[in-house]
Amino acid sequence: MNNSLQIARILGIPIKIHISFLLVLPFFAWIFAIQPEPFGFAGVESTILKYSLSLLTAILLFVSVLIHELAHSYFSLRYGGSISEITLYLIGGVSSMKEELHEPSKEAKMAFVGPLSSIIIGIVLLAFTSLFNPPASFSDGGGLFLMIFILGYINIILGLFNLIPAFPMDGGRILRAFLAQRMDFVEATEKAATIGKIFAFLMGLAGLFMSFWLILIAFFIYMGASGEEQQVKNRYRRF
Ligand SMILES: [Zn+2]
């Protein structure tokens, strides 16, 4: 992928960030800076502290997504698959497989460990914030406390959200694994991608009335569904 930069290599897999990330990261940091408590740092008086916490939260969100992707990759490698690279978008990652796991039950398990890892991270972070009393002021560590809460909350949402059976979410992969037991792999991918696109469209529509966030996420889902479908088609149909 030409639009990505390699930043590391873990488990022998090149870890790349998509170029859009360079715009999305500051954008997310800005969102965290303007959102009020408990989902942002608008209440922090010191400007430097506010933006440092916001940027750190955005970076750690990206680290959480990386852990989620590595969970997929680890299981793929364990099942004899191979991962050519992991490309990270802030809101999700794509692990590119050299070869798909053609055993649907293995693909379903590999898809499941990602959301599972997000949910575990989320539970651990939220458990931490509920076990201890938050410091009284933001400058006394209250800001860090709030950051842990936000990251825990977002990880739970990411985990649950990824279980929705719409491609390109992991739930979509689980769905494709079930469909692939009954039909051709490309056909199963197309069906799952179509469900993902319809879902994204409805979500974007709901977002117009509910929240800007939904529209943003719907956009990513739509792009992801199209991307995955195209990738599978390119790989299996040579013309
Ligand atoms: Zn995943």
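Predicted model: local features only at pLDDT ≥ 70, side-chain atom pairs only at ≥ 80, totals over all residues.
View 1. The domain assignment divides the protein into domain 1, residues 1-163, and domain 2, residues 164-239. Taken over C-alpha atoms, the centres of the two domains lie 21 Å apart. To the contact, domain 1 contributes 21 residues and domain 2 contributes 22 residues.

**View 2. The area buried between the domains.** About 2,000 Å² is buried between domain 1 and domain 2. Carbon and sulfur atoms account for 66% of this area.

**View 3. The salt bridge between the domains.** The count between domain 1 and domain 2 is 1 salt bridge. A salt bridge links R176 to E107, with 2.8 Å between the closest N and O atoms.

**View 4. The side of domain 1 that touches domain 2.** Five elements, namely α1 (21-34), α2 (47-78), β4 (92-99), α3 (104-131) and α4 (142-162), each provide at least two residues of this side. Helix α3 gives the largest share, with 6 residues. Sorted by class, the side of domain 1 that touches domain 2 comprises 13 nonpolar, 6 polar and 2 charged residues.

Key. Residues numbered from 1 in each chain as written. Heavy atoms only, no water. Domains from an automatic or database assignment. Contact = heavy atoms within 4.5 Å. Buried area = accessible area lost by both parts, 1.4 Å probe. Salt bridge = Lys/Arg side-chain N within 4 Å of Asp/Glu carboxyl O. Helix = DSSP H or I, 4+ residues; strand = E, 2+ residues; numbered from the N terminus. Nonpolar A, V, L, I, M, F, W, Y, C, P; charged D, E, K, R; others polar.
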